[in-house]
Amino acid sequence: MVLPVLFVIVSLVALAVLPVIVGNHTARMRDQITRIAEPARRAANEIQVGLWTELDKVMAYQVTGERQYRDDYHTLLMQQIRDYAVLRKLGPQLGDDVNRDLITLISATQRWHAGVTAGEFLQRQLPAEVFMTRLFERHPSYELALRSAGQMENEIQAAANDRLAKIHNAERLNMALTIFLTLLALTSALLVAGLGRQTRLLAREAVRRRKEAEREAGEAKIARAAAENEERRAAFLASAVQELTSSLEPDRTISALARLFVPNLAESCTIDIAEPDGTLCRRAAAHRDANIEREMQREVGRVVAQPDRIEERPSVLTIQLISRGQRLGMVTAAAPAGYVFTREDRQLAEELARHGSLAIDNSRLYRDSQQAVRAREEVLAIVSHDLRNPLNSITLAGSLLHESQNLSKDDREQLEILELSAKRMKRLIDDLLDVTRLEGGKRLPIEPAPFEVGPLLAETYELFKPQAASASITLRYHVADGVPPVNADHHRVQQVLSNLIGNAMKFTPKDGIVSFRADPQEDGKVVFTVADSGPGIPKEHLDDIFNPYWQAKRAERLGAGLGLPIAKGIVESHGGQIWVESEPGRGAKFYFTLPVAKKDAVVSSPQEAESRAHR
């Protein structure tokens, strides 16, 4: 009985004392977690996040040159200094492992920051290949800093977890002891057995949780590494595309592609381009060693043998350059000695080659288009110039024949047809020359001078009145009250009106109406309107009508398709705008604006304006 009584007494005393002792102990450990472990873990996490962000800021500054990213980098650096101060104060209280990791972290980040300064990453924008090379050289210190920050955070979390485990164990032990002391009827054997079972359960749970935590940490590390690798890959490709598209010369584009392979992906690279006869010509070569590269450059420009069957080797990549289904050539890249290309390397090389193929093809197309444009412009200029001499002879001969008194009525009618054809041919030549100027990016020559709008519209009306009468079309014009004089080239403006009215009469049926008018605008311009009652213009054609040589699909061809583009060029040369509004079945309305003459300007008469235009 003594032993059970003593056991009961000891149990009751313990039941009163143990909760107090356990409570004080757990309170101290919770205070350590709240006051020491949690601030230290938060500081270590901020350092790790800051290191991740620093690289983004460095790359963003190199790509954009914006000083904001450099300032953000220095802000992150100052935050890290504050976090280091917190860790120096709290680290020793969390154990030797934490203190040792802190020293390693500070050393690693200092080397990384010194590398950023030495590499001039934030002093100026470096060429892409220089930046990537220096970043590749400094990257081991950056990776070490990241790993040290992660290890630091893990050690602090482990210290906190250790204290939490002790708290939980103490609380569980206190609960077990309370149950043990309360159930005095149970034997000590059953109590010991129960405690042993509980301990084993706790141990297995702890092991399970630790393994699960390790698995999740490993997956997170793998995902983070994959994301960083993909980010670097995307940044490299973006920089490569920018460099490949910086020039539209094929040779420079091919050389730039070789420079992107070396040294970023390979030790050496050659690019062979297919010639029209199917042979391959060496067009670019690059090597990390300048002396070897000079030797390789001797092969540039020579025809190289094309193997019947390309054999892939682990240390050599051979990638076809293909664009629009055509084989442009191939890239051969060799790895450094002892290195074997991985699947990721091949994927990146193929993506770079794909962008290079597009850039080479685009540069070729641009070169061909420029040659075609120059050839067409030369042909138009030569043809237009050479046609003027025989045309002037025809016009002069017609004028001389008019003075003859021996011509019959039929002969004079044929002579008038000849003169009209010569005038139309002269207008076509002038139109060709104007279109050639417009397509060359030039403005049409104008001689602006102040003149009244009313006489211009009246003159245009008289010019088209016979044509309207013969086509049974009603021709009207109107000048609104208060229309001021315009500052423009009288002859060119009449050319615009003639083109618009002539087009309107072509598409207006018999008994239709063609009208034109002028109205003042509040913005210091005069707006001219030419309207017809024809079939209108389909909506899908409105964006094309001002393009040279374009015409709507009709059964007959009603001109060369140059009038509207020339009208647009004339209006824009005056600083005005031209546009069209139309609904199918309800006719079309063309509008264009011209600047108003200054109030103190001397207004020319129609005869003076026309005389100045012909000089």
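In this predicted model, Gly65 lies in the loop that connects helix 1 (2-64) and helix 2 (67-90). With a relative accessible area of 26%, Gly65 counts as partly exposed, because that category falls between buried, under 20%, and exposed, over 50%. Gly65 and Gln125 are separated by 60 residues in sequence, yet their C-alpha atoms are 6.2 Å apart in space. Leaving aside residues up to four places away in sequence, Gly65 touches Ala60 and Gln125.

**Strands 1, 4 and 5**

- Strand 1 (residues 268-274) runs antiparallel to strand 5 (residues 326-334), and 6 bridges join the two; within this pairing, Ile271 has Val331 of strand 5 as its bridge partner.
- Strand 5 also pairs with strand 4 (residues 316-323), again in the antiparallel sense, over 8 bridges, and here Gln320 stands opposite Met330 of strand 5.
- Strand 4 and strand 5 form a hairpin with 2 residues between the strands, and in this hairpin Arg324 takes a positive phi near 55°.

- An open sheet with mixed pairing is built from 5 strands, which follow the order 7-9-10-12-11.
- Strand 7 (474-479) and strand 11 (578-582) each have a single partner strand, so they stand at the edges, and one side of each is left without a neighbour in the sheet.
- From one strand to the next, the twist of this sheet averages 15°.
- Inside the sheet, strand 9 (residues 513-520) and strand 10 (residues 525-532) run antiparallel and are joined by 7 bridges, with Phe516 standing opposite Val530 of strand 10.
- Helix 10 (residues 453-470) packs on the sheet, where it touches strand 7, strand 9 and strand 10, and the direction of helix 10 makes about 180° with that of strand 7.

**Helix 10 against helix 11**

- Two packed helices are described by the angle between their axes and the distance between the axes.
- For helix 10 and helix 11, the angle is about 35° and the axes are 11 Å apart, while the crossing of the two is right-handed.
- On the side of helix 10, the residues making the contact include Leu456, Leu457, Thr460 and Leu463, and on the side of helix 11 they include Val493, Leu497, Ile501 and Met505.
- Sorted by class, the residues in this contact are 9 nonpolar, 6 polar and 1 charged.

**Nonpolar cores**

- In soluble globular proteins, nonpolar side chains tend to be buried together.
- The largest nonpolar core has 42 residues, of which Leu457, Ile501, Phe528, Phe590 and Phe592 touch the most other members.
- Two or more residues are given to this core by each of helix 10, strand 8 (486-488), helix 11 (490-507), strand 9, strand 10, helix 12 (563-573), strand 11 and strand 12 (588-595), and the largest share, 7 residues, comes from helix 11.
- Leu457, not counting residues up to four places away in sequence, touches Tyr477, His478, Val479, Leu497, Phe516, Arg517, Ala518 and Phe528.
- Another core, of 36 residues, lies apart from the largest one, and among its members are Met59, Leu102, Phe131 and Ala149.

Note on methods: Residues numbered from 1 in each chain as written. Predicted model: local features only at pLDDT ≥ 70, side-chain atom pairs only at ≥ 80, totals over all residues. Heavy atoms only, no water. Pairing = 2+ DSSP bridges. Helix = DSSP H or I, 4+ residues; strand = E, 2+ residues; numbered from the N terminus. Axes fitted to C-alpha atoms, helices over the stretch in contact; angles between N-to-C directions. Contact = heavy atoms within 4.5 Å. Core = buried A, V, L, I, M, F, W, Y, C linked by side-chain atoms within 4.5 Å. Buried < 20%, exposed > 50% of the residue type's maximum accessible area, 1.4 Å probe, protein only. Left-handed = near helix turned anticlockwise from the far one by under 90°. Nonpolar A, V, L, I, M, F, W, Y, C, P; charged D, E, K, R; others polar.
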